[in-house]
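Visitor: I would like to go through this protein with you. Please set each value against its cut-off.

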Amino acid sequence: MNLGYDIAQALPGLRAEAESRMTETLTVGVETFVTDPVTGDAVRSVAEPVYSGIGQIKFPSTVVSERDTQGQQVAATSPTLKLPTSVVGVAKGHVVRVTASSSDSTLVGRWFRVKSLPQSGQVTAHRYPLEEV
């Protein structure tokens with residue numbers, strides 16, 4: 001048995017399974033603002049998309065205990081963007097616009113910013129840390 005070989009052989013199937021759970025449709029790219037022709041307001045937009053397609057926005061679950069924590073932050077969550085490993089060009093600072101979701105309608109229309117580069121290598125998906133904007 002060769003663990004490295006076994007992982008390399010299993011990785012394509014594991015990546016396909018990870019992609020099957022990517023239930024959001026999104027656009028990733030450079031942020032810009034355009035003027036709404038009706039209202040004249042500035043509206044956030046993606047000027048130079050580097051990726052449009054499937055992905056997954058995942059929020060870590062947190063458990064909050066019942067105790068007095070005056071002046072302290074109990075928990076902080078940071079969402080993660082999962083993209084197929086074939087996607088290239090996503091960088092720190094790019095914005096992510098969720099255009100559809102088959103699993104969580106509350107994600108549609110939300111905007112996030114990529115905080116740093118993803119974990120890479122023998123992974124089933126690239127995972128980018130996000131912040132909501």
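Visitor: Leaving aside its neighbours within four places in sequence, which residues is Thr 25 in contact with?

Guide: Thr 25 is in contact with Gly 53, Arg 97, Val 98, Thr 99 and Ala 100. Contact means heavy atoms within 4.5 Å. This is a predicted model: local features need pLDDT of at least 70, side-chain atom pairs count only at pLDDT 80 or more, and totals for chains, interfaces and linings use all residues. Residues are numbered from 1 along each chain as its sequence is written, and side-chain values use heavy atoms, with hydrogens and water left out.

Visitor: How confident is the predictor, in pLDDT, on average?

Guide: The protein averages a pLDDT of 88. That is the predictor's confidence in each residue, on a scale from 0 to 100. A score of at least 70 is reached by 86% of the residues.

Visitor: Which elements does the protein have?

Guide: There are 1 helix and 6 strands. Both are DSSP runs, numbered from the N terminus: helices are H or I with at least four residues, strands are E with at least two. From the N terminus on, the order is α-β-β-β-β-β-β.

Visitor: How do you know that the span of helix 1 agrees with its number of residues?

Guide: The expected span is 1.5 Å times one less than the number of residues. The 18 residues of helix 1 should therefore span 26 Å. Its end C-alpha atoms are 25 Å apart, which agrees.

Visitor: Where in helix 1 does a kink lie?

Guide: The kink lies at Leu 11, shortly before the proline Pro 12. It is about 40 degrees. The bend at a residue is the angle between axes fitted to the seven residues ending there and the seven starting there.

Visitor: Back to Thr 25. Why does Thr 25 count as partly exposed?

Guide: Buried means under 20% relative accessible area, exposed over 50%, and partly exposed in between (1.4 Å probe, protein chains only). Thr 25 has 36% relative accessibility, so it counts as partly exposed. Thr 25 lies in strand 1. Its C-alpha atom is separated by 9.9 Å from that of Ile 57, 32 residues apart along the chain.

Visitor: Why does Val 34 count as partly exposed?

Guide: Val 34 has 41% relative accessibility, so it counts as partly exposed. Val 34 is found in strand 1 (residues 24-35). Not counting residues up to four places away in sequence, Val 34 touches Asp 41, Ala 42, Val 43 and Ser 45. Val 34 and Val 46 are 12 residues apart in sequence, and their C-alpha atoms are 9.6 Å apart in space.

Visitor: What makes Ser 101 buried?

Guide: Ser 101 has a relative accessible area of 17%, so it is buried. Its place is in strand 4.

Visitor: Which backbone nitrogen lies 3.0 Å from a polar atom of the side chain of Ser 101?

Guide: That of Asp 104. The backbone nitrogen of Ser 103 lies 3.3 Å from a polar atom of the Ser 101 side chain. A polar contact is a pair of N or O atoms within 3.5 Å; within protein, one must be able to donate a hydrogen and the other to accept it, and residues adjacent in sequence count only if both atoms are side-chain atoms.

Visitor: Why does His 126 count as buried?

Guide: His 126 has 13% relative accessibility, so it counts as buried. Its place is in strand 6. A polar atom of the His 126 side chain lies 3.3 Å from the backbone oxygen of Thr 85. Beyond four places in sequence, the residues that His 126 touches include Leu 81, Pro 84 and Pro 118.

Visitor: What makes Ser 116 partly exposed?

Guide: Its relative accessible area is 29%, so Ser 116 is partly exposed. Ser 116 has its place in the loop between strand 5 (111-114) and strand 6 (126-132).

Visitor: How many residues does the largest nonpolar core have?

Guide: It has 15 residues. A nonpolar core is a set of buried Ala, Val, Leu, Ile, Met, Phe, Trp, Tyr and Cys residues joined through side-chain atoms within 4.5 Å. Those with the most contacts inside this core are Leu 26, Ile 57, Leu 81, Leu 83 and Val 96.
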